[in-house]
Amino acid sequence: MSEFATYSSIDQDLSTHSRENPNIISYSNDINSYIKSRNNTYSLPLEIKNHKPYITEYDDKYHKKKVHFNNNKIEFIHNNIDSINVGILTFLALIVRLWKISNPKQVVFDEVHFGGFANKYIKGKFFMGNFSFESIGLDYTDDVPYVAMRIYSGLCGIAVIPIAYYTIKGLNFSRYAAFLGALLVLFENSLATQSRLILLDSQLILFASFTLLSWVNFYANKERPWSFDWWYWLIGTGVGLGLTFSVKWIGLFIIATIGLATIKDLWDILGDIDISMFSVIKHFLARALCLIVIPLSIYAFFFQIHLLILTKKGTDYAFLSPEFQATFKDSNTQPTYYDVAYNSRVYIRHVNTNGGYLHSHNHLYPTGSKQQQITLYSYSDENSEWLILPQRDKEKNKLGQILKDGDSIRLQHVPTGRRLHSHDHRPPMTDEEYQNEVSGYGGPSVSDPRDVWIIEIVKGRDKESSQYIKTFDTVFRLRHKNSGCYLYSHPVKLPDWGFNQQEVTCGTDVLKANTLWAIEKNMNDSFDEQTNKMVKPRRLSFFEKLIELNMVMFKINNELTSSHPYESRPLDWPILKRGISFWGSSKSTSIYLIGNPFVWYLGSISIGIFVIYYILFLLVKQAKAGLSKKVRKSLIKLAYPGGLLFTAWATHYLPFFLMGRQLFLHHYLPALYFSILISVIFIDTILLNRFRQPTTKIIIVAILSIIAIFNYKKYSPLTYGTPMSYNHCLSMKMKDTWDFDCYKYK
């Protein structure tokens with residue numbers, strides 16, 4: 001029986017049954033014989049309880065009637081149809097998502113990231129995610145709980161299935177559509193692949209889908225503001241926003257979805273003349289509390305846990321400021337002199353890119369001047385130590401004087417004796433007219449006017465550090481006296497001959513933020529600890545660390561601009577132009593992220609149908625005639641659900657066109673989920689609603705389900721990493737751009 005339990009038409013007979021008992025509709029023990037006794041039958045998605053989110057057009061007419069069955073089993077099925085459907089779907093999801101989840105026993109694609117993150121949490125060491133892909137294919141040892149970690153990801157993917165079901169029901173569409181929609185999500189290969197590995201996408205989609213479900217149920221209670229259900233689902237929406245955003249910054253897209261829906265909701269409230277301005281303000285404050293304060297609090301809460309666990313330096317601590325680094329238990333930060341003077345030996349840190357310290361080593365540029373390399377290096381080793389000298393050798397009287405704004409200095413590299421130098425040669429990586437090479441040149445016995453730099457203080461923590469150079473507290477620029485360019489660095493790496501360190505140049509028309517420097521470590525043999533002030537980095541508050549962490553994360557994310565063999569662009573995603581090779585072995589098995597073509601293209605086509613629908617809807621609003629009442633009713637019924645789901649798809653897809661970083665097909669998966677829901681509500685409105693007979697609807701749903709399952713099974717070897725034949729592999733290649741290798745299966 002399940003979803004497709006059917007009941008006889010009651011349009012003609014309800015009054016007859018009601019005369020005997022106005023509150024009871026009696027059915028015989030054998031419901032099938034009752035159905036056969038009537039000529040006109042249709043599915044009655046009748047709710048026993050007046051649960052507003054799931055009212056249908058039939059429910060609106062008859063929900064006041066109490067349904068009574070003589071057969072307890074039939075009554076139980078009737079009362080628990082949704083639970084039975086969800087139980088069936090969840091059982092199938094457990095099989096589909098967890099089957100052979102231990103295969104392969106090797107690191108797969110981005111498991112090298114997130115497995116590494118988990119390892120850092122266990123050790124309590126800080127990380128920023130700067131890992132290579134060199135360990136993909138590494139065998140898991142027996143002491144690594146990779147199966148348990150994959151199962152957690154799989155359970156997140158399983159939880160999406162009932163959420164999809166209840167979302168479609170909550171949008172006021174039939175149980176047929178809800179069952180079909182959840183089943184299409186279940187048998188989508190790319191969603192299955194992502195939820196079977198140690199990746200974040202299954203959690204992201206889970207929380208995004210939960211957020212949308214919560215909003216749908218909140219909106220369904222809009223006629224009962226301030227009720228328990230109203231508050232419950234509004235708070236649930238806020239919790240979902242916080243959880244989604246805490247998984248990945250892509251969670252901002254669901255915030256955009258709910259934000260736009262909230263604006264429309266508040267606009268409708270503002271336009272209701274029956275609602276006072278005081279009530280409008282209350283509605284606004286309730287949404288601000290639940291949709292802004294709660295998500296931000298959850299986001300900050302998880303960062304607090306993050307910082308409480310990671311109390312030691314990791315491999316990526318160099319991305320953080322010295323103030324942040326000082327908070328680690330193993331920091332071992334030593335006091336340093338506060339005043340920076342001539343004859344001080346200093347470590348100069350680049351402020352903006354977090355690329356590290358001004359650095360040099362006894363290696364030459366292979367191009368340009370072929371003088372000693374000047375770079376930016378992440379760690380403060382002895383090759384990052386510089387001696388501050390006056391402009392001229394004869395100005396020895398300045399030794400010990402504190403540096404101030406406008407002073408002219410020379411910087412001598414302590415290990416090699418070379419001085420920081422610039423001239424009219426193009427840099428090795430940035431061949432632009434406004435950029436000059438910076439090199440190490442000369443030494444104690446060589447005086448060159450192109451070694452002179454002028455200090456320009458940009459800001460200080462107080463009045464004193466705004467006039468004089470102070471360790472940690474003063475941010476300054478170094479202007480080349482001879483050419484007028486500024487010492488500059490940006491996230492461009494030198495090749496192997498430069499040890500992949502960051503390029504340093506001297507630029508005139510460059511981003512000011514990339515010309516900012518600060519002194520981090522300061523030593524001076526003429527100073528005395530008793531008379532000269534010693535300082536340590538000040539301790540940051542939690543919110544200061546939270547802000548810095550997010551700024552560093554943003555910068556690192558934007559620097560992921562290098563090419564990848566399986567990257568793709570947003571225009572490729574709706575047409576499924578190519579997938580991603582996740583893993584391969586020499587045993588004729590591989591995992592390749594590719595979608596179920598039937599489900600994928602059904603969603604993409606539905607997006608185009610919605611655009612056509614929206615044009616028709618605008619015409620319907622303007623015209624009184626031209627369309628039948630039934631068509632007009634269908635168009636109006638689709639307005640809010642279709643608009644909400646299309647907004648969710650658009651906000652999860654269109655922003656990627658603005659990104660210059662590496663992008664992959666898996667970035668489209670949240671948008672894919674919403675496109676599947678759009679396809680189902682169109683199937684329900686355009687196709688299923690054309691038929692009143694439940695048998696016909698069941699056949700339609702069954703046919704679509706069989707097609708989806710057939711395609712899922714066909715592409716399952718690439719989902720599960722199981723063996724297949726060469727001919728089977730060739731049969732899967734719908735496009736030449738689907739670049740999984742079939743020759744390995746020969």
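**Disulfides and their surroundings**

Author: The protein chain has 21 helices and 20 strands. Both are DSSP runs, numbered from the N terminus: helices are H or I with at least four residues, strands are E with at least two. The model is predicted, with pLDDT of at least 70 needed for local features and 80 or more for side-chain atom pairs to count, while totals for chains, interfaces and linings use all residues. Numbering starts from 1 along each chain as its sequence is written, and side-chain values use heavy atoms, leaving out hydrogens and water.

Now the links themselves. A disulfide is a covalent bond between the sulfur atoms of two cysteines. Here the criterion is a pair of cysteine sulfur atoms within 2.5 Å. Searching the whole structure turns up 2 disulfides. Counting bonded cysteines along the chain, the pattern is 1-2, 3-4.

Take Cys485 and Cys506. Their S to S distance is 1.9 Å. The angle about the S-S bond is 100°, a right-handed link. This pair ties together distant parts of the chain, 21 residues apart. Cys485 sits in the loop between strand 14 (474–480) and strand 15 (486–493), and Cys506 sits in strand 16. Both Cys485 and Cys506 are buried. Buried means under 20% relative accessible area, exposed means over 50%, and partly exposed lies in between (1.4 Å probe, protein chains only).

Strand 16 covers residues 502–507 and also holds Gln502. Gln502 counts as buried because its relative accessible area is 4%. A polar atom of the Gln502 side chain lies 3.2 Å from the backbone oxygen of His490.

The other link joins Cys729 to Cys742, with the sulfur atoms 2.0 Å apart. It is left-handed, at -80° about the S-S bond. Again, distant parts of the chain are linked, here 13 residues apart. Cys729 belongs to helix 21 (residues 726–732), and Cys742 to the segment after helix 21. Cys729 and Cys742 are both buried.

Two further cysteines deserve a note. Cys156 counts as buried because its relative accessible area is 5%. Cys290 counts as buried too, so classed because its relative accessibility is 1%.

Next, the nonpolar cores. In soluble globular proteins, nonpolar side chains tend to be buried together. A core here is a set of buried Ala, Val, Leu, Ile, Met, Phe, Trp, Tyr and Cys residues joined through side-chain atoms within 4.5 Å. The largest has 115 residues, and Trp215, Phe582, Trp649 and Tyr673 touch the most other members. Helix 19 (residues 669–687) gives this core its largest share, 12 residues. A second, separate core has 27 residues, and Cys506 is one of them, as are Leu358, Leu420 and Leu487.

Back to Trp215. Setting aside neighbours within four places in sequence, its contacts (heavy atoms within 4.5 Å) include Thr237, Leu291, Tyr640 and Leu644. Tyr640 and Leu644 are among the buried residues of helix 18, as is Trp649. Helix 18 bends by about 45° at Ala639, and Pro641 follows within four residues. That bend is the angle between axes fitted to the seven residues ending there and the seven starting there.

Finally, the whole chain. Of its 746 residues, 53% count as buried. Among contacts with a separation of 6 or more, 74% are between residues 24 or more positions apart.

Definitions and conventions
Polar contact = N/O pair within 3.5 Å; in protein donor to acceptor, adjacent residues only side chain to side chain.
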